[in-house]
Amino acid sequence: MHVSATHAPSSETSPKVSVGFSEKAKGYLALTKPRVVELLLVTTLPTMFFAQGYSGKSGVPSLWLMIATMVGGALAAGASGAFNCYIDRDMDKLMHRTSKRPLVTGVITPREALVFSWVLTVLSIALLWSINPLTGLLGVGAIFLYVVVYTLILKRRTTQNIVWGGAAGCMPVLIAWAAVTNTVQWPAVILFMIIFLWTPPHYWPLSMRYSDDYNAANVPMLGAVAGSRTVAVQVVLYTWAMVACSLLMIPLGGAGIVYTVVTAAAGIWFLIEAHTLYSNSKKDLVTKKNAMKVFHASITYLTLVFLALAVDPFVGSALMG
């Protein structure tokens, strides 16, 4: 029997399930990828504190400004995650790690997910725009980078997908800086680049751990398609670049003693973890466990750097400049 392409049966076979209010609410929350949102917010508030001090103002930003920026950023990140779940629902059903996502299980329908994504997008941009237009435009840019550049264009086409697509995860520091200063200055650019260079050492070890999943879904993540030595070399190179970039905050960003000491110490520690992965790769001793050790270490590193950034304006003064 011949079926024309325009009348082919739909490939979507989401299960028909009876869903209660609580389960539906949990499904919508899961679409926003809360753990990713948490990580993004870790960089937002410290950046606002530092921007306040850098601009010559004492204390912390106003409570309204902090809440509006954090909520607006969380909504933008949630919208991006929801769009991602909608677009990638075909591959999510093929991967064990994502097989319980609400669009795969049928808790949320594709139409519900798409409407939800757009509602979050409108709310996030409206809230960020209410702070100032620059902050709103940066919010639009963050969603565009993650949804269009990463999810639609790069993710299924290149092993460098997470490098350029990961720029979306760097946008919260620009949004936070713009919210406080209504501009983007050199310290914000340096913070953007720290996260940009941090993303590959963070994500590629994770893709090593879940290489079977990515290969099953034909997603060319470097950690899934390249040998462990190739991945480890890239992790080491990006880590060195990231640590060097983080230290630029001292001469160019007005960083003080707290940021300097914590960032230098955290950088040395993370470099040791990256080189350990490389050493293991030369001996063919890389396992999913020690790959994930680097992944978890990356989260700790970024948290320490931005906690130091938050405290720095309240302790001493800039070491240079």
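Contact between the two domains involves 37 residues of domain 1 and 39 residues of domain 2, where contact means heavy atoms within 4.5 Å. The structure is a predicted model, in which local features need pLDDT of at least 70 and side-chain atom pairs count only at pLDDT 80 or more, while totals for chains, interfaces and linings use all residues. Residues are numbered from 1 along each chain as its sequence is written, and side-chain values use heavy atoms, with hydrogens and water left out.

**Domain arrangement**
- The domain assignment places residues 29-183 in domain 1 and residues 185-320 in domain 2; such bounds come from an automatic or database domain assignment.
- Taken over C-alpha atoms, the centres of domain 1 and domain 2 are 20 Å apart.

**Interface between the domains**
- Domain 1 and domain 2 bury about 3,200 Å² between them, with 77% of it on carbon and sulfur atoms; buried area is the accessible area (1.4 Å probe) that two parts lose on being put together, summed over both.
- Within domain 1, the most area is lost to domain 2 by Phe50, Arg97 and Ile162, which together account for 20% of what that side buries.
- There are 0 salt bridges between domain 1 and domain 2, a salt bridge being a side-chain nitrogen of Lys or Arg within 4 Å of a carboxyl oxygen of Asp or Glu.
- On the side of domain 1 that touches domain 2, two or more residues each come from α2 (34-54), α8 (161-165) and α9 (171-181); helices are DSSP runs (H or I, at least four residues), numbered from the N terminus.
- The most is given by α2, with 9 residues.

**Salt bridges in the whole structure**
- A search of the whole structure finds 7 salt bridges.
- In the salt bridge of Asp88 with Lys155, the closest N and O atoms are 2.7 Å apart.
- Asp88 lies in the loop between α3 and α4 (89-92) and Lys155 in the loop between α7 (133-154) and α8, so the pair ties together parts that are 67 residues apart in sequence.
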